[in-house]
Amino acid sequence: MEMMNPERRRIVTGCILRAICIVACPTGLFSQIADIPILQREFVYANAPFRSAHASTIVETPARTLMAAWFGGSAEGRKDVEIWLSRRPRGGGWSAPVRVTDTPEMPVWNPVLFQDGENTWLFFKVGPSPREWVGGYRISSDDGQSWSTTRYLPAGLTGPIRAKPIRLSDGTWLAGTSVEAGYDGNTPEAAPYRSWSVWVERSTDRGTTWSKQGPVVDPAESFGVIQPTLW
């Protein structure tokens with residue numbers, strides 16, 4: 001496999017991000033993003049004990065520590081895929097990636113880092129595929145130096161599917177989520193039983209319990225949509 005040099009990788013990544021904004025951002029938002037100055041560019045890591053990384057997420061804590069997480073392994077959906085995390089304390093550099101899940105023989109997916117004002121949450125999904133995964137999370141109260149044991153959400157709830165929850169002025173948390181059903185990797189595009197839908201999970205007690213509202217559907221999409229962002 002041909003390796004892309006770092007400078008070209010930065011350029012390509014920037015082009016991809018801008019292309020995503022052109023397609024998905026509301027009118028006027030792209031111009032605002034384009035005007036934000038880039039203060040620093042750097043890689044989170046140069047070497048890691050995994051071949052493939054995907055679905056990165058980043059958060060800043062009240063202590064100004066940055067944390068980044070992603071899933072890494074031999075390839076997406078493989079049994080060796082786990083969530084990895086790096087920390088960048090204020091004034092320091094990125095730590096070496098550390099594994100923060102332990103699910104032998106079962107892939108992990110889509111980490112989401114979320115800061116609730118006091119603690120940092122790491123949401124993720126565990127399962128053989130998006131049709132069968134369950135939502136889990138860990139919590140850190142010390143800037144990611146240690147984490148709680150993994151807790152799993154009740155069946156039917158997955159937590160934020162790909163993007164951070166939002167906090168409303170009354171303290172309510174809203175998390176965009178989605179369900180993928182009725183297909184596998186060999187299902188033809190025209191299969192009538194494929195069904196995707198977007199939902200919103202809601203917590204009024206800082207993540208202790210959740211309820212689910214939806215589905216949110218787009219009539220123009222014959223099979224539905226997935227992985228929403230709320231803002």
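Both E105 and K79 are exposed, where exposed stands for over 50% relative accessible area, buried for under 20%, and partly exposed for what lies in between (1.4 Å probe, protein chains only). These two residues form a salt bridge whose closest N and O atoms are 3.7 Å apart; the term requires a side-chain nitrogen of Lys or Arg within 4 Å of a carboxyl oxygen of Asp or Glu. Because E105 sits in the loop between β4 (98-99) and β5, and K79 in the loop between β2 and β3, the pair ties together parts that are 26 residues apart in sequence. The model is predicted, so local features need pLDDT of at least 70 and side-chain atom pairs count only at pLDDT 80 or more, while totals for chains, interfaces and linings use all residues. Residues are numbered from 1 along each chain as its sequence is written, and side-chain values use heavy atoms, with hydrogens and water left out.

The overall picture comes next. The protein has two helices and twelve strands, with helices (H or I, at least four residues) and strands (E, at least two) taken as DSSP runs numbered from the N terminus. Of the 231 residues, 39% are buried. Among contacts (heavy atoms within 4.5 Å) with a separation of 6 or more, 45% join residues 24 or more positions apart. The exposed surface comes to about 13600 Å², with carbon and sulfur atoms supplying 55% of it; accessible areas follow the Shrake-Rupley method with a 1.4 Å probe, and for residues only the protein chains shown count as cover.

Turning to the strands, β5-β6-β7-β8 is the order of an open sheet with antiparallel pairing, two strands being paired if DSSP finds at least two bridges between them. Its edge strands, β5 (108-115) and β8 (151-152), each pair on one side only. Within this sheet, seven bridges join β6 (residues 120-126) to β7 (residues 134-140), and V126 has V134 of β7 as its bridge partner. Seven bridges also connect β1 (residues 52-60) with β2 (residues 66-73), again in the antiparallel sense, with S52 opposite G73. Five residues lie between the strands of this hairpin, and R64 takes a positive phi near 70° there. R64 also forms a salt bridge with E60, the closest N and O atoms being 2.8 Å apart.

The largest nonpolar core has 15 residues, of which I83, L85, L113, L122 and W147 touch the most other members. Such a core is a set of buried Ala, Val, Leu, Ile, Met, Phe, Trp, Tyr and Cys residues joined through side-chain atoms within 4.5 Å. Two or more residues come from each of β1, β2, β3 (82-88), β5 and β6. A second, separate core of eleven residues includes W121, L153, W173 and W210.

D116 counts as buried at 3% relative accessibility, and its salt bridge with R206 has its closest N and O atoms 3.2 Å apart. This pair links the loop between β5 and β6 to the loop between β11 (195-203) and β12 (211-216), 90 residues apart. E180, in strand β10 (residues 173-181), is buried yet has no salt bridge, and the nearest side chain of opposite charge, R131, is 6.1 Å away; here Lys and Arg count as positive and Asp and Glu as negative, with His and the chain ends not counted.
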